[in-house]
Amino acid sequence: MSETVTTAQNEAGAIGPGRLVLVVGPSGAGKDTLLRLAQAACADDPDIIFPRRVVTRESSADEDNIAVSQEEFRRVREHGDFAVHWEAHGHSYALPLGIDDDIRAGRAVVANVSRTVIAALRRAYVNVVVVAITAPPDVLAQRLAARARHSDGNIAERLSRSVDDASARADVTILNAGSADYHGRQLVRVIRNEGWQE
């Protein structure tokens, strides 16, 4: 597996003043579930944006991405229309360039990304908050087995993966082992910059 990242460069420096909230965590942690709950809770707030990722994999009930072919992804990337892109699990992922305008306008942009891109994003944006969503190993394994998505690859390999980079450390960690509604509310408080403990 290879993971790489590039970001759109801004000659004037880091992009702000809005916040970039990066949701990261292992496969099976429930990131997409909590993001869906948070997006529903923030639906009436025009200053909170949940961009759809561009992915070289079909959308599913669990992940509402913009599905493109590898060829289309490469064409868009070469045209410079991604804010950030990376490779993981045999697929290509990206966030659209439009998030830069949202952040310049002072909005909060919330996105699920690979931990491998955090360092580059911390350099590219003024206000980055990293939220790690995780769960106990047995829960992760059960969720991955229940999902049974062929493109997930080897479950044991995915569970053992880690990123040893200080810049990838989370600002907030949510242990998603209880009520999804409760943990979704925690994520909303982080997004709204209200603190995350009830």
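## A chat about the fold

Colleague: Hi! Where do helix α1 and helix α7 meet, and at what angle do they cross?
Modeller: Hello! This is a predicted model, and in it the axes of α1 (residues 31-41) and α7 (residues 180-191) come within 8 Å and cross at roughly 60 degrees.

Colleague: Is that crossing left-handed or right-handed?
Modeller: The α1 and α7 crossing is right-handed.

Colleague: And which residues make the contact?
Modeller: From α1 you have Thr33, Leu34, Leu35, Leu37, Ala38 and Ala41. From α7 come Ala180, Asp181, His183, Gly184, Leu187, Val188 and Ile191. By type, the residues of this contact divide into 9 nonpolar, 3 polar and 1 charged.

Colleague: Let me step back. How many helices and strands does the chain have?
Modeller: The chain comes to 7 helices and 10 strands. It has 198 residues, and 43% of them count as buried.

Colleague: Nice. Which strands make up the open sheet, and in what order?
Modeller: The open sheet has 5 strands in the order β3-β8-β2-β9-β10, with parallel pairing. Its edge strands are β3 (48-49) and β10 (172-175), each of which pairs on one side only.

Colleague: Can you walk me across the pairings?
Modeller: β2 and β8 are parallel partners over 5 bridges, and Val21 has Val110 in β8 as its bridge partner. Then β2 is joined to β9 by 7 bridges, again running parallel, with Ile15 opposite Tyr125 in β9. Next, β9 is joined to β10 by 4 bridges, also in parallel, and there Thr134 has Leu175 of β10 as its bridge partner.

Colleague: How far is Ala132 from Leu187?
Modeller: They are 55 residues apart in sequence and 10.0 Å apart in space, C-alpha to C-alpha. Leu187 is one of the α7 residues in the helix contact we began with.

Colleague: New topic: which residues touch the most other members of the largest nonpolar core?
Modeller: That core has 24 residues, and the ones touching the most other members are Leu20, Leu22, Trp86, Val113 and Tyr125. Elements that give two or more residues to this core are β2 (15-24), β6 (82-88), β7 (91-96), α3 (99-104), β8 (108-112), α4 (118-124) and β9 (125-134). There is also a second, separate core of 23 residues, which includes Leu34, Ala108, Val131 and Ile133.

Colleague: And what does Leu22 touch?
Modeller: Leaving out residues up to four places away in sequence, Leu22 touches Ala111, Val113, Ile118, Leu121, Val128, Val129, Val130 and Val131.

Colleague: You listed β7. Is that strand mostly covered or mostly open?
Modeller: Mostly covered: 5 of the 6 residues of β7 are buried. On pairing, β7 and β6 run antiparallel, joined by 6 bridges, with Val84 opposite Leu95 in β7. Strand β4 (residues 54-55) also pairs with β7 in the antiparallel sense, over 2 bridges, and Val55 has Tyr93 in β7 as its bridge partner.

Colleague: What's in the turn between β6 and β7?
Modeller: The hairpin has 2 residues between the strands, and His89 takes a positive phi near 55 degrees.

Colleague: Last one: is Asp102 buried or exposed?
Modeller: Buried, at 17% relative accessibility. Asp102 lies in helix α3, and apart from its neighbours within four places in sequence, Asp102 is in contact with Ile49, Arg107 and Val109.

Notes. Residues are numbered from 1 along each chain as its sequence is written. This is a predicted model: local features need pLDDT of at least 70, side-chain atom pairs count only at pLDDT 80 or more; totals for chains, interfaces and linings use all residues. Side-chain values use heavy atoms; hydrogens and water are left out. A nonpolar core is a set of buried Ala, Val, Leu, Ile, Met, Phe, Trp, Tyr and Cys residues joined through side-chain atoms within 4.5 Å. Buried means under 20% relative accessible area, exposed over 50%, partly exposed in between (1.4 Å probe, protein chains only). Contact means heavy atoms within 4.5 Å. Axes are lines fitted to C-alpha atoms, for helices over the stretch in contact, and angles run from 0 to 180 degrees between N-to-C directions. A crossing is left-handed if the near helix is turned anticlockwise from the far one by less than a right angle, and right-handed if clockwise. Ala, Val, Leu, Ile, Met, Phe, Trp, Tyr, Cys and Pro count as nonpolar, Asp, Glu, Lys and Arg as charged, and the others, Gly among them, as polar. Two strands pair if DSSP finds at least two bridges between them.
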